[in-house]
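This report concerns one protein chain and its predicted model. Please examine the sequence and the coordinates before reading on.

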Amino acid sequence: MSGTGPVEAGEGTRAHGLPPPPPGPPGRLARHRRTVLATAATLAVLAGGGHLYAGRPEPRPDTPPPYPSQAVDLVYLDPVATPRTATAGPGFSFAVALSVRSGPSVTVTRLGQPYAGLSVTSSPAAPFQTKPHSVRRITVTLRVTECDKAPRNPGVPFLDVTLRNTRAIQVHSFILGPRYAQHLSEALQVACGNRIP
């Protein structure tokens, strides 16, 4: 006989020192039991791992920035000289301070007011941006376009400001307080010739 490779054990032989397998059905039962136990152990490990994976703490999502109206203050300061133009009607100019308390920069994309008889312009002209933790001075000019549609005595006048940041675009109405209401009322009475002595 010639050839290479390991010698294989013949039928009915066994390795030295190992007990002989049980004969017949008990041997098959023992092998089956070992297979069932190994499978059950594997399943238990997988189930435990799955339970640990499912019960792990969820990563905290990044906190979104605040809505722009929640991050901005607009405060009435004082009346200022109204620039005269040849084509525009009489007007009332005033300064406001816009401050961004937190979050990303906020852009003012538009300023408006609720009365049909008035127009609004600003310096700087919209759109303009204000950085967080800073204050921007804005000069707002209201001009009378139609006295019939202008308010005679605005009780609680407000300024509509469209704000935008990385989270949202919002239109927010800012009530500028009693000093603003008084100054605006006086300016409108002068502009439309209705000053009460």
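The following paragraphs treat the sheet, the core, the salt bridges and some local features in turn.

The model is predicted, and local features are reported at pLDDT of at least 70, side-chain atom pairs only at pLDDT 80 or more, whereas totals for chains, interfaces and linings use all residues. Residues are numbered from 1 along each chain as its sequence is written, and side-chain values use heavy atoms, with hydrogens and water left out.

**Sheet and helix**

An open sheet is formed by 4 strands in the order β1-β2-β6-β4, with antiparallel pairing. Helices (H or I, at least four residues) and strands (E, at least two) are DSSP runs numbered from the N terminus, and two strands pair if DSSP finds at least two bridges between them. Because β1 and β4 each have a single partner strand, they stand at the edges of the sheet, and one side of each is left without a neighbour there. Neighbouring strands of the sheet are turned by 30° against each other on average, direction ignored. The antiparallel strands β4 and β6 are joined by 6 bridges, and L118 stands opposite V144 in β6. Helix α3 lies across β1, β2, β4 and β6 and runs at about 45° to β1. Such angles run from 0 to 180 degrees between N-to-C directions, and the axes are lines fitted to C-alpha atoms, for helices over the stretch in contact. Contact means heavy atoms within 4.5 Å.

**Nonpolar core**

In soluble globular proteins, nonpolar side chains tend to be buried together. A nonpolar core is here a set of buried Ala, Val, Leu, Ile, Met, Phe, Trp, Tyr and Cys residues joined through side-chain atoms within 4.5 Å. Buried means under 20% relative accessible area, exposed over 50%, and partly exposed in between (1.4 Å probe, protein chains only). The largest such core has 28 residues, of which L74, F94, V140, V161, L176 and Y180 touch the most other members. At least two residues of this core come from each of β1 (72-80), β2 (91-100), β3 (106-112), β6, β7 (158-164) and α3 (178-191). Strand β2 supplies the largest share, 5 residues. Beyond its neighbours within four places in sequence, L176 is in contact with L74, Y76, F94, V96, P157 and L159.

**Salt bridges**

The structure holds 3 salt bridges, each a side-chain nitrogen of Lys or Arg within 4 Å of a carboxyl oxygen of Asp or Glu.

| Pair | N to O distance |
|---|---|
| D73 and R101 | 2.8 Å |
| D78 and R179 | 2.7 Å |
| K149 and E146 | 3.8 Å |

D78 lies in strand β1 and R179 in helix α3, so their pair ties together parts that are 101 residues apart in sequence. D78 is partly exposed at 41% relative accessibility, and R179 is partly exposed at 40%.

**Local features**

S69 is found in helix α2 (residues 68-71) and is buried, with a relative accessible area of 18%. Its side chain makes a polar contact of 2.8 Å with that of Q170; such a contact is a pair of N or O atoms within 3.5 Å, where within protein one must be able to donate a hydrogen and the other to accept it, and residues adjacent in sequence count only if both atoms are side-chain atoms.

The peptide bond from S123 to P124 is cis, with omega near 5°, and the bond from A126 to P127 is cis, also with omega near 5°. H133 has a positive phi of about 60° although it is not a glycine, and this residue is exposed, with a relative accessible area of 67%.
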